[in-house]
Amino acid sequence: MKLFKLIFILFGVWILCAETALGQKPGFVPPPRRKSSDLYRNPVRVMLNQFSITGTTGYGLVMYSHELNNVYFYQSQSNQIIVPIVEGEPAPTGVIAGNSNWFNRSTYGDTLDLTNYFEVPYRPLDEPVFNPELRREFSMATDTMPLKFRSLSHSIPIGVVVHFNYLNFRAGAGATFERQYFTSFKPTTFKETIRPFEPEVSPVFFQRYFATVGYKFYDFWSYSFAGEAQIGVLRGGGKIKGEQPIYDYAVIQRGAFFNLGISIEKNLSEYFRVIVKPSFDYHTFNTNLTEAGIAIPHKQQTFFIQAGVSINIPDIRRCPLPSCAIQLKHAHNGNNEIVRGQPITKHQNPKMGQNHRKLFRYKWKNRNKIEPY
Ligand SMILES: [Zn+2]
């Protein structure tokens, strides 16, 4: 019986306590509910919040191609040279000189001996020791049939972009640094005979500086899809063995580069996202062969696939109270400043309340940190 009595009393005390806690004293006026717009936000932070910084890296497959037009292409066992076709003049004979590098510089002076030693004033032997058929020289005139060379090279880009975001629009500026590893240029015709063209290029190092615009056209759960365009300049190239510049800019004229891509963004929080971005890059340049008086146009097209992170500077700061365990955006009594309860990398659904039973800073791996985030 005593036990029942005890339980009954405890129950009564509990009801009483609950009543006092819930019930309002007569004359009590609850403070007006604060609106979000009344709360203080640092205006500099709010402005900076419109900007995002994105860093990416990845892989690029670079397609180089050029076409030789209106030149004689000669190949001997030791070299390959081109000589412009002059209308109305016969093809050169004897020892001729031409350009041997028409990609990254204008190298003139390599010679090739076209003298036909088998042109003798008597009937040739049926099976001479030096059979003219065995001559290794190859020549072709590219006025009737153009000769194309192609190379697939590999590149590693590292880029950074600063965007200004307004609604679904974004505009900004950035830089990409690119390390390229060349493979030789293969001919598209006479593949059996013409050797690959191998300009002297050690790994090259390009810099791109660009302006960019974009539009976020689709949101799906926590994913966003944005189309982005870049236009800018491509510079540099680096040096061969640290000495001679790889690209001779006295003879090379670069056009602008254009890049079109889709940024696929996984929004981990309103301030932090992981992105994957495939893009296509188009660039052309001309190599002026000064001695020959012609220019060779080159195409440099790249398919990039890049991944990285993008952050916005938070418009509000982290709650400064070390004992505070609120995960939502909040303001404390007596202070009008709205603050965050989560690090920027943590997603916090504002409609959900507390997302995690324990605040991230108290989790096991962070509990001994002096400044947990
Ligand atoms: Zn707090």
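Visitor: Which is Arg340, buried or exposed?
Guide: Arg340 counts as buried, because 22 C-beta neighbours lie inside 10 Å. A residue is buried if 20 or more other C-beta atoms lie within 10 Å of its own, exposed if 12 or fewer, and partly exposed in between, with C-beta atoms placed from the backbone.

Visitor: What kind of model is this, and how are residues numbered?
Guide: This is a predicted model, in which local features need pLDDT of at least 70, side-chain atom pairs count only at pLDDT 80 or more, and totals for chains, interfaces and linings use all residues. Residues are numbered from 1 along each chain as its sequence is written.

Visitor: Back to Arg340: where is it, and which residues does it touch?
Guide: Arg340 belongs to the segment after β16. Leaving out residues up to four places away in sequence, Arg340 touches Pro314, Ile316, Arg317, Arg318, Cys319 and Lys329. Touching here is contact: two C-beta atoms, placed from the backbone, within 7 Å.

Visitor: How many helices and strands does the protein have?
Guide: The protein has two helices and 16 strands. These are DSSP runs numbered from the N terminus: helices are H or I of at least four residues, and strands are E of at least two. Of the 373 residues, 23% count as buried. Among contacts with a separation of 6 or more, 62% are between residues 24 or more positions apart.

Visitor: Which residues touch the most other members of the largest nonpolar core?
Guide: They are Tyr72, Phe73 and Ile82, in a core of 14 residues. A nonpolar core is a set of buried Ala, Val, Leu, Ile, Met, Phe, Trp, Tyr and Cys residues joined through C-beta atoms within 7 Å. Two or more residues each come from β2, β3 and β16 (294-312), and β2 gives the largest share, four residues.

Visitor: How do β2 and β3 pair?
Guide: Strand β2 (residues 71-75) runs antiparallel to β3, and five bridges join them. Strands pair if DSSP finds at least two bridges between them. The two form a hairpin with four residues between them, and Gln75 stands opposite Gln80 in β3. Strand β3 (residues 80-84) is mostly covered, with four of its five residues buried.

Visitor: Changing topic, which residues make up the covered face of β8?
Guide: The covered face of β8 holds Arg170, Gly172, Gly174, Thr176, Glu178 and Gln180, whereas the uncovered face includes Phe169, Ala171 and Tyr181. In general, side chains in a regular strand alternate between the two faces of the sheet.

Visitor: And what are the partners of β8?
Guide: β7 is joined to β8 by 13 bridges in an antiparallel arrangement, with Asn165 opposite Arg170. β8 also pairs with β10, again antiparallel, over twelve bridges. One of these places Ala171 against Val213 in β10.

Visitor: What is the phi of Leu167 in the hairpin of β7 and β8?
Guide: Leu167 takes a positive phi near 50 degrees, in a hairpin with two residues between its strands. Most residues other than glycine have a negative phi. Leu167 sits in the loop between β7 (147-166) and β8 (169-181) and is exposed, because 7 other C-beta atoms lie within 10 Å.

Visitor: What about the phi of Trp221?
Guide: Trp221 also has a positive phi, near 50 degrees. Its place is the loop between β10 (204-220) and β11 (223-237). Trp221 counts as exposed, because it has 7 C-beta neighbours inside 10 Å.

Visitor: Lastly, where is Glu270 found?
Guide: Glu270 is in the loop between β14 (252-267) and β15 (272-289). Glu270 is partly exposed, because 16 other C-beta atoms lie within 10 Å. Asn312 is 42 residues from Glu270 in sequence, and their C-alpha atoms are 8.0 Å apart in space.
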